[in-house]
Every structure is written in C-alpha cells, then in structure tokens.
Amino acid sequence: MTTIPIENIRNFSIVAHIDHGKSTLADRLIQLTGGLSAREMTEQVLDSMDIEKERGITIKAQTVRLNYKAHDGKTYILNLMDTPGHVDFAYEVSRSLAACEGSLLVVDASQGVEAQTLANVYHALDASHEIVTVLNKVDLPAAEPERVKQQIEDVIGLDASEAVPISAKTGLNIEAVLEAIVTRLPSPKGDVSAPLKALLVDSWYDAYLGVIVLVRIIDGQIKKGMKVKMMGTDATYEVERCGVFTPKMVNMDVLTPGEVGFITASIKEVADTRVGDTITEDKKPCAQMLAGFKPVQPVVFCGLFPVDAADFEDLRAAMGRLRLNDASFSFEMESSAALGFGFRCGFLGLLHLEIVQERLSREFDLNLIATAPSVVYDIKMRNGDLVHLHNPADMPDPMHIEEINEPWIRATILTPDEYLGSVIKLCQDRRGEQIDLSYVGSRAKVIYDLPLNEVVFDFYDRLKSVSKGYASFDYVIREYRPGDLVKLSMLVNAEPVDALSMLVHRTRAESRGRTMCEKLKDLIPPHMFVIPVQAAIGGKIIARETVRAMRKDVTAKCYGGDVSRKRKLLDKQKEGKKRMRQFGKVEIPQEAFIAALKMDN
Amino acid sequence: MLGKLKPVEPTYDAGFGVYVHWPFCQAKCPYCDFNSHVRHVKVNQQLYIDAFQREMKHMAELAPNRVVNTIFLGGGTPSLMDPATVAAVLDGIAGNWQVAPDVEVTLEANPTSVEAERFKGYRLAGVNRISMGIQALNNTDLKALGRTHSVDEAMQAVATAASIFDRYSFDLIYARPNQTVESWSAELHMAIERAAEHLSLYQLTIEDETPFKKLYTAGKLILPDEETSRQLYDITQEICEKHNLPSYEISNYARKGSECRHNMVYWRYGEYAGVGPGAHGRLVTQKGRAAFAIEKNPEKWLEYVAQDGHGIVEEEQLSLEAQGDEFLLMGLRLVEGIDPKRFTALSGRRLDDERITDLVNERLVEITSEGRIRVTLTGFPVLDAVVADLAA
C-alpha cells in the first residue's frame, strides 16, 4: 500500500441502536469497496467478528480500512471504527470516537430514535464529530422516513434534511453513504514531521502475536523497530510489526498521521496497555499527552463463588485468563462464611458483569453463584478517613461513620406514552428525581437522576416489565451524593449470612428486609429444628419469619435385609448435602442464594 | 475353625440369620413393591425345594461354621408353601449350618382361612413364630389395600395362631387415606386386644412402580399430610407404650424380650444369608463384608441355581464408608441405638462429635450411660434426616 495524502483519509464510526442495522451497513461498505472478495463476503463480516469477539475481545473496538474511489476521481482511505455501543464501555467508546472525525448516525426508519441512539450520538457530538444521518430499512412497509427525520431534528437537534435513505439489507443507495463520508466528513489533521503522538484506542490479546494495540496516529509516524513509550505507564517497547486491518491484518512499513492501524511489541498483558494512553517515540517524545486519559474505574461489584468449592482454583485460572484480555475487569480473593472462597469482582457496569459471568460459565464451564451486585460507596469516617466500600460485608461500624456517599446516575428513558405512568412510578419508587419530561412524537422522554444502587438490582428488568418491553434506557454516572444508607443483614438461625447483606436506603430497609425474609422462608428447606430468619439493621431486628421444623421424615419399613436400596437413597442425600452451604447448623441450597438475590417482588 | 476363614470384623454378637424368600402371591397388593409374582398354574414346589437346598449349600460355603440363631421365611406369601416344603427348607438349613437350640423360626402368613388351616403343619415342620399380614381392621380399607381377607377372617386366623404358637405377631398399615387420629386409635386399641407379644405398625409408604404410585401421582390417592402423619405416629407410640408394647424399632412394638430376633440381626447389622428369588444377604468373608442380591425372577432363579449352584446376581464388597452408612441406617432404627465404637470399627472413622452435640441439644439423639447413641422419641419421626446428618 502506498502512502496516501492525509486529505484523502476519512475516519468515522457508526452510531446506532442495537438492531438498527449497523453490522449490515458495515458489511455493505466493506463489500462495495472491495475490502473482501465475494467469496469472503459469504457471511456478515461483523458477525464473524462477533464470534471473534466472543472468543476474547467482546468489548473491543474493531477497525476496517476501506479504499474508495470517489466520484471526484480520487481514491480515499476510509477507516471504519466499530465501537462497542453500550454505556458500560462509555470510556472505551469515547476513546474510539476520539480517533475519528465523524460519525454515521444510523436510525431505523420505522422505529426511530431510541435511548441508546441518543446517548451514543451525544458522545459523538462531545467528540466534535461531523454527523451524517442515515435512515436504514426505508424499503420496509412500516418505514416513515419523514416522521423519523422530524424526530431526529426534534430530539437530537441535528439537521436531518440531508439524511441518506438506504436499505443496508438490499444494498439500496450504499454508494451515497460513501460519497457523503467523503464529501461531508472532514479529513484528519496532523504533522508528519513532529514527534510521534498516537492514541491507544484499544488492545486485545492474541495467542500468537501477544497483545495487539489499535492506534490512531496524530502526529509523526510509527514504524517497525521503533522504540516507543506509553506515556501513561512510562513503559517502553520495541515495535515488532505495524499495519492495518482490511479487515484482514496487513503489515505496513509505516503508519502516518490520520491513519488507524495496529502495532505489536511483545506486550504480554492487555493490562499493560491503557485505553486512551498516548504512545510516543522513546528517544524523541512529544511534549504533551493527549487529553482525556483516565484509568479504568469499576463501578459495579459482586462476589463470584464456585458452586462446588473444588472448582475454586479453576475459577481463579479462568479469571486470570479473562483478565488477560479485559483489563477493565478486576478481581480479588474473598472468603464468605456462607459461600466459601471466591472473588470480589469489579465491573464497568451491569452488562459487563453479565458478559463476564456468561463467559466464565460458558467458556470455562464453571458453575457460579453471584452475590447481589453492589456499587462503590464512599464512606467518610469520623476520624477523617475515606473508605471506598466495595462489599457490604465490610461495612464499618456505623458509630464511626460520618457520612455515606453513593453514586448517582442520570438516566434517559424513552417510552410509549401509555407506559409513562408506570415508568415514572418505578423511578419514584427507586428514589429517583425527575429532571425532565418531554415528548418525542408519541413517545415520552423522561430524564431521571437515580441512585445507582437502586438500578443495579433489577431496575432494567422492572422497566422492561412495566413497559411490556417498549421502554429503552441509558445512563451516565453523574456524581456521588450523601445518602441515608444502612446495612441490612440477614440472619439465619441467629447467624448473619454475609452473602445476603446489602446496603439500602433507610426508608426502603424494612420492606426489603421483609421481602428477603419471606423469600428465604420458602427457600430454606425444613430442618430438624425451627429456623428463625431475620432481617436486621445493626442489632435491631426489623423483620422475621420462621422456617418450621420438619415433622416427619422416616422410612417406615426396610425390605428384608435390602439395606443397599436405603444406602443408595442415603448416598443421594449426602450428594444433595454437598450442594448445600452449611451455615451454622443450617444447610441452605445454592438455588436459595441465587433466588433470594433476585429481587423480583 | 480355619484361621483364614476368621471374620475380619468384630461381630459384636449380632448373630447370624437365614432368610428364605418365597416369591409367589395369589394376588398383588397395590401398595407392595416386594418381590412377588402371581402364577396362574400350580407352582411345582419340589423344584424350589431342590434349588433352595443347592443355594444354601453355596451360602454355607461362603459363610461356613456359623450358628444359625434365626430363620425367617418371607415373601411373597410363604403361607402358600406346603408344610412339607417348609420342613424341607428347614432341613436344608440344618444340613448346612449348626442351628442354635433356641433358634427362632418365623413364617409370614396371610390371615385367610385356607392358610390358617396349614398353621398346625408349619408348627410340626419347625416354625415357632407366625407373623400375619393383617394390615387393617376395617373391611373397606382392607379392600382398598387389595387384601383378600375380611376382618372376621383375620381375627379367626389370629385365634388359630394363638392356639398353636407361643409367639405370633401381626402387621398393620396406618396413615392410610382419610385416616384420622381418632379412627386409627380405635383400630389400634382393637389390635392390641388381640395382640400377644409383638406388633408391626407401618405407615403407608408410596413405593415406585406400584399401582398406588400411579394413583398418588394422578392425585387420586391422598395421604394424610405431614402433620397428621406425625400425630398418627405419636399416638401410636403413646398407645403401645401404655399397653406394655413399647416400640423397640421405628415400626415395631413388643413386650420386653419378645422382639423379633431375625429383624434384630438386620438392625444390629449382623450377618445373614439370603436364599431364594430376590433375597438379600450380608456375609463377612475373608475379603470383608459383602452384600449379596439374588435374581428376582423365580424361573430365571431356578435356571441360575441349576447352572451355577446359586442365583447371586450382585455381589458388592462393601467399602468402609458403605458399611458405616448401613450400620447407621439400620442401627439407629432401634430404640437401643448403636455403639459408636462399633461404627468406628466398621467405617474406620469416628462420628462427628459436633454433630452429635447439636443433635443432643435438639433432643433428637441421646447418649446412654453405657455410651450408646440412640435416637429419642422426638428424633424417630425425622430419623432419615438424623441419619443423613450423622452419615454426611
């Protein structure tokens, strides 16, 4: 590949709500520019990438370099940056967007703007992107391009008059999208003679090449053999290869300003590469780091424990392997009286938590118990110390606490009008503060500030349920605010079950305590004795239920001398006991923990 | 006695018994899952006599030099055997082992008039104890249980047994559908009036692959709930105790000294040879304690015995854990409880003191002055849970 003038480069990402056709459009763009042969195009390229993602880079940015001969006769390089769309990865998304100058906003011409679309387009606007609006699925009978254009103007405030109507599925008008990219998006700017300054967009682990780093060159150039420095971590590496994705990996001699590509440099762990870091030449460093670099901050925590204690080492190994590729996931050993040895894990958000849990069980065949998700509380102690509380079980004595602060989010919810009442009620029930309510055609847009700890439990499920699946939801973390929070402990047979303790707002403690007691009462099987189940705040019992004692459990008759049959039954009972967690004298089945932690009231 | 044949475990004097299974019934009862078969042609008893004798010979080779303390002819319906058949079986036992002078020989019988007529013959053959499957003392329930006798007929059979045998017992099934504490108490009082020294009182259990199971699953047979069933159990203890027939095992009640010695061999985890289709045995050979199970199908069993001299289809060397479990399962059914030292000798481990302490604190288990561990009257109704707790 020959070097192309920077004026002929366009770097762009695609912003879309899930199912609005992002992958199909990307496929069409690749196909039309000949990035892959017809044979290679037999499957959706981004779908095949999805499989790749599932194997190790689920939440990673992807890039494809396209060569496009435009109507003006010149050949352009179009770098399509495929970003993860979910809010959990907002920081990663912001870094990917920082590597581009423009975005395609893809909106389904029948469904219109969704909450996720909104959040992502704001991210793009924050990154000073030029936006080309694309209306997809215009071939469908339900398509209402004019209404949706109006909606885009009303809700987002973008001029939609030049929106490109397409059908990614049939290939209709795809060339117009390419032309719009060339004519309407700006080219990158950069100085090839300046010291190297490159943005570390993302990185992932490859079993053969080690860590592959996705970079966007701002100034200078990067080449094979060059000794580079990560300015955030101060580590130096020698570049082994550099190149671009077409989407196949193609080695190049050099990457120049405006280009997006990869480097490998014998980097062992993804954790050594920080998304957003600045890469420069070790000998001739640039004067200033790129703005916006932030270390990863987990916001949601939960404990993960093996169902079978014997799987602990396997779990540790599996987590290590996951972390190789996902530096945003953190874990440290934790021991719980109820659940044995396990790990306290930090995640970027609820989706991230689900992905990791899913991968651990699917890829590593591990059977896990997850404790209730919790957020990070900042606790101001009376002696002036500041404690970041990740685990409700570690809550300090309230006597020594000056103030507890909890994270709040700003949620954007779009819902059909008929469910608005239920949605508002849900938000109010979760201590929400209404910030704004407006209408977008027949849909209501509600903005609420909510404590994250009210959201991590089951807010999303409840929202889906009260709106019959029609409401969409997105959020950003806003700030920490003081809250009247108390630690709710559950006591089974007078012993606290650490895995079930949680921090809740004082006003909600009693009802949550009562719900937990009622659930546990049904979930704990009768024992040979009566088991009190209590909810307590500090030493004060606020709710109580009783698991009645087993009244009769005896085999009336043993057949002749056939003890074997009875023994087999006993073996089953013993096996069943292994699946229980011994708690004091009480055995609680795994299922009970899982079910109790689901707060579906 | 040859040194190499010496048992490798302390027997603790639990005794040695021989169990003989007669696998035929005139009709199958809908609650019963024992090994019983209905044949519409007359069974050639001589074929079975020969096979029993051959199989006993084999058992005696596995467990030689034992002194037989008890013999039990169970079934099926052993009272369908001709007295001459019974005599031949007992002769077979005496030909293979030494028999104790005070041996207990029990035969299970159905209390029909036809069978009662054979009682005298059984007495002459050597049977000294009769155990009758009466099951209920009202005709409606007898019919529902699939029994072919009436209450009057059963009472007649009891009277016959009482005139012939020093020792007799009968079985009743309670916790039947719709049974109340009042109706069962009345029935039990009536039973005790006719009982001599021993009663077996079983709560109805729904066994797999029985007609009752199908009805139960379909919701057409409703059993008393857990609470009622517990009350029925408690009242049974109380009434029997009051009438000097205290329980000595979960479902068995006797005057002191009149316990069924054969079942005591099982419960004390002694040695027993099982002979006949579907019989089970526990023998201590040079290799240690083993469990034996015999082919269930009568005709197949005949074939196997003709071929190999025995019908054993399963032989399992019991692991230490299995022996410990079986010992607990059986021994804790007894009011006398177990000797923890014997548990250790069998299983190679000690019972968990902490668990015992917990169970003692819950008053489910107690430790006697001799150091035996026994389940209390509060513990018996939840015995399976107690055993699982100790065994786990």
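How many residue pairs are in polar contact between chain A and chain B? The count is 23 residue pairs, both residues being at pLDDT 80 or more; a polar contact is a pair of N or O atoms within 3.5 Å, where within protein one must be able to donate a hydrogen and the other to accept it, and residues adjacent in sequence count only if both atoms are side-chain atoms. On the side of chain A that touches chain B, the residues divide into nine nonpolar, five polar and 13 charged. Here Ala, Val, Leu, Ile, Met, Phe, Trp, Tyr, Cys and Pro count as nonpolar, Asp, Glu, Lys and Arg as charged, and the others, Gly among them, as polar.

The model is predicted: local features need pLDDT of at least 70, and side-chain atom pairs count only at pLDDT 80 or more, whereas totals for chains, interfaces and linings use all residues. Residues are numbered from 1 along each chain as its sequence is written, chains are lettered from A and ligands numbered from 1 in the order in which they are written, and side-chain values use heavy atoms, with hydrogens and water left out.

The interface may be described further. In chain A, 27 residues are in contact (heavy atoms within 4.5 Å) with 47 residues of chain B. The two chains bury about 3600 Å² between them, 55% of it on carbon and sulfur atoms; buried area is the accessible area (1.4 Å probe) that two parts lose on being put together, summed over both. Side chains of opposite charge can pair when their charged atoms come close. Between chain A and chain B the count is 10 salt bridges, each a side-chain nitrogen of Lys or Arg within 4 Å of a carboxyl oxygen of Asp or Glu. A salt bridge joins A:R565 to B:D33, with the closest N and O atoms 3.0 Å apart.

Over all chains, the structure holds 50 salt bridges. Within chain A, A:R382 forms one with A:E402, the closest N and O atoms being 4.0 Å apart. This pair links distant parts of the chain, 20 residues apart: A:R382 is in the loop between strand 22 (377-381) and strand 23 (386-389), and A:E402 is in strand 24 (residues 401-416). Helices (H or I, at least four residues) and strands (E, at least two) are DSSP runs, numbered from the N terminus.

Chain A also contains an open sheet of six strands in the order 2-3-1-4-5-6, with mixed pairing; two strands pair if DSSP finds at least two bridges between them. Strand 2 (62-69) and strand 6 (164-165) stand at the edges with a single partner strand each, so one side of each is left without a neighbour in the sheet. Strand 2 runs antiparallel to strand 3 (residues 75-82), and eight bridges join them. In strand 3, A:N79 stands opposite A:R65. Helix 1 (residues 22-32) of chain A lies across strands 1, 2, 3 and 4, at about 155 degrees to strand 1. Axes are lines fitted to C-alpha atoms, for helices over the stretch in contact, and angles run from 0 to 180 degrees between N-to-C directions.

Another open sheet of chain A has eight strands in the order 11-10-16-7-8-15-12-13, with antiparallel pairing. Its edge strands are strand 11 (236-238) and strand 13 (249-252), and the twist averages 40 degrees from one strand to the next.
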